[in-house]
Amino acid sequence: MAPVDFKSTSLTPIVISGPSGSGKSTILTRLFAEYPSRFGFSVSHTTRAPRGTEQNGKEYYFVSREEFQKLIADGGFVEHAQFGGNYYGTSVRAVEEIREQGRTCVLDIEMEGVKQVSNHPTFPRPKFLFLSPPSMEILEQRLRSRATDKEEAILKRLQQAKVEMEFARSAEAPHDKIVVNDDLETAYQEVRRFCVGDAEPEKLQVD
Ligand SMILES: Nc1ncnc2c1ncn2[C@@H]1O[C@H](COP(=O)(O)OP(=O)(O)OP(=O)(O)O)[C@@H](O)[C@H]1O
């Protein structure tokens, strides 16, 4: 195996954020399919119990609250948050592991996580990409036609989307690029260029 080039800028982690429904999964799925050996998602830590066939180190690193809190105190997280009474976080180590595999770590995280990453005292600055819906009306249509959420959840997501869009426009936002996901093909090509530059796809998309 070729030695890993730790200085290579193509291995700089990429943070992708944007409101729920802006198209992050759609675009990342295609990017990973076209460049299957280039990217990786880090394995997150959680204090919730494993479900079903979930394995430690695969879906998550399952740790106790004490272990999680110790890692926070040691500056071991790039970002972390609490949802539904459990902690979730991305450790510095988990991001490094992706680089050690010679892959670019992609972090799909929400606004509070983006703030933490960009203000982290020691973690090297990643590349920040914000995926924006063309308008709130279109975002609402997409969330409704995705048909994965109940009405209450859709309204919550739309409310949160307003906050995220305001943050993206603020001086505090760290984004290196904002891609407006209007026409999917155009948006995909812009994201692809941001993430891989001129590199040819490893695999051509078969529709
Ligand atoms: N450019 C586009 N034009 C039309 N529909 C789109 C476009 N981009 C994405 N969609 C559709 O919008 C919906 C939301 O996209 P997706 O699930 O990828 O969003 P997401 O940002 O990953 O959301 P979440 O953060 O909730 O996971 C999906 O049904 C997807 O097919």
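How are α5 and α6 oriented to each other? In this predicted model, α5 and α6 come out roughly antiparallel, since an angle over 145° counts that way and theirs is about 150°.

**The α5/α6 pair**

Let's stay with that pair for a moment. α5 spans residues 136-146, and its partner α6 covers residues 151-169. Their axes sit 11 Å apart, and the crossing is right-handed. On the α5 side, the contact uses Met136, Leu139, Glu140, Leu143 and Arg144. From α6 come Ile154, Arg157, Leu158 and Ala161. Sorted by class, that contact has six nonpolar and three charged residues, with no polar ones.

**The α1/α7 pair**

Now for another pair of helices. α1 (residues 24-34) packs on α7 (residues 184-196) at about 55°, with 10 Å between the axes. That angle makes α1 oblique to α7. As with any such pair, α1 and α7 can be given a handedness, and here α1 passes α7 in a right-handed crossing. α1 brings Ile27, Arg30 and Leu31 to the contact, while α7 brings Ala187, Tyr188, Val191, Arg192 and Cys195. The class count for this contact is six nonpolar, two charged and no polar residues.

Here are the two pairs together:

| Helix pair | Angle | Axis distance |
|---|---|---|
| α1 and α7 | about 55° | 10 Å |
| α5 and α6 | about 150° | 11 Å |

**Around the ligand**

In total, 13 residues surround the ligand, and the closest are Ser20, Gly23, Ser25, Thr26 and Leu184. By class, the shell has eight polar, three charged and two nonpolar residues.

The chain's average pLDDT is 93, and 93% of the residues score at least 70. For the complex, the predictor reports an ipTM of 0.97 and a pTM of 0.91.

Notes: Residues numbered from 1 in each chain as written. Predicted model: local features only at pLDDT ≥ 70, side-chain atom pairs only at ≥ 80, totals over all residues. Axes fitted to C-alpha atoms, helices over the stretch in contact; angles between N-to-C directions. Helix = DSSP H or I, 4+ residues; strand = E, 2+ residues; numbered from the N terminus. Parallel < 35°, antiparallel > 145°, perpendicular 65-115°, else oblique. Left-handed = near helix turned anticlockwise from the far one by under 90°. Contact = placed C-beta atoms within 7 Å. Nonpolar A, V, L, I, M, F, W, Y, C, P; charged D, E, K, R; others polar. pLDDT = per-residue confidence, 0-100. Near = placed C-beta within 6 Å.
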